Amino acid sequence: MGTVQIREVRKSYGAVQVLHGISIDIEDGEFVALVGPSGCGKSTLLRMIAGLESISGGDIAIGNRVVNNVAPKDRDIAMVFQNYALYPHKNVRDNMGFALQQRRVPKPEIAKRVNEAARILGLEHLLDRKPRQLSGGQRQRVAMGRAIVRDPNVFLFDEPLSNLDAKLRVQMRSEIKELHQRLKTTTIYVTHDQIEAMTLADRVVVMNGGVVEQEGPPLELYDRPASLFVAAFIGSPPMNFLQGQIIEGNGLRLEDNTVLGLPAADPKQRRQITIGVRPEHFVIAETGWPATVSIVEPTGSETQITARLAGQFIRILVRGRTSAMPGDEIRLAVTPGDIHFFDAAPIPELTSAEDA
């Protein structure tokens, strides 16, 4: 069974606590992505599951067996690293079969597993090449093949696509998803890229500052973010935020005293709040919130518009083409159910940097 139970797991480096009681249950065959900004603790948690970091408190169980004090090689896991970690002097065949050789698996069985993994990953014609003779995508496939031949209960991926160019990342995302659909092996995938997390995972765990902000199916996090942080992190382009005070008549008074009409308002009057609207939920209409177009970026299938609304820049995503030009005055409408209400708080400043 490839279940993973993480129970109140904590990690400290001296007086510095980096994980504050993480609890996550991962079902057999599930694909779970751990996502968050640099320093949130996602890579540390993955390394603790792998046995590469000690646990300061709590328990980790794999297949209903607590593995806190179990050596990495005995945890029945296979890990794919960010930097591939291939032996430069060994060919693809030997790189993929090396772990089995160390476990003294019979040579015919090693050959069978390596050939099957190579077939799955399209590496059959590359088995005699050295890593230096491979492209970045091919090296990543070899690293994945080395994990597949071990036939583990759990796959662990640590930022596996971050060294690839944008086009190759898209291709490898598809290949990883297809691989999971074929093998049905429990997979825990760490990434700083929320697009990777959204497109690959059955369930996304958003981490921030060593705690879990929210977890759930990708579209649930997108449609119903539980916090300002999750709302800001999930979505590209990111959600727009406006801060102000709810006033009588379903209005929001912004800091510059501009009043925006709200089709749906929080029942508590005179309360400081933050509202959020995703770029694609704005509609250019005859009536609505007044804005001035600053930048128009056509991409073919859609157009991204940057506009000023009450002195703040917002992003608008229009499907297809638009006649709007810089300097144009436009009106923006939004469906009531597409306005998100949050307690007033500083808007998170997020980066897409990798964990240190």
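Five strands form an open sheet in the order 13-12-11-14-20, with antiparallel pairing. Its edge strands, each pairing on one side only, are strand 13 (259-261) and strand 20 (340-343). This is a predicted model, where local features need pLDDT of at least 70, side-chain atom pairs count only at pLDDT 80 or more, and totals for chains, interfaces and linings use all residues. Residues are numbered from 1 along each chain as its sequence is written, and side-chain values use heavy atoms, leaving out hydrogens and water.

**Inside the sheet**
- Strands are DSSP runs of E with at least two residues, and helices are runs of H or I with at least four, both numbered from the N terminus.
- Two strands pair if DSSP finds at least two bridges between them.
- Strand 14 (residues 272-277) and strand 20 are antiparallel partners over four bridges.
- F341 in strand 20 is the bridge partner of I275.

**Helix 1**
- Among the buried residues are K42, L45 and I49.
- After helix 1 comes G51, with a positive phi near 90 degrees.

**Nonpolar cores**
- A nonpolar core is a set of buried Ala, Val, Leu, Ile, Met, Phe, Trp, Tyr and Cys residues joined through side-chain atoms within 4.5 Å.
- The largest has 48 residues, and M96, M144, I176 and V206 have the most contacts inside it.
- Helix 3 (residues 107-121) gives this core its largest share, six residues.
- Apart from this core lies another of 27 residues, including V9 and C40.

Methods: Buried < 20%, exposed > 50% of the residue type's maximum accessible area, 1.4 Å probe, protein only.
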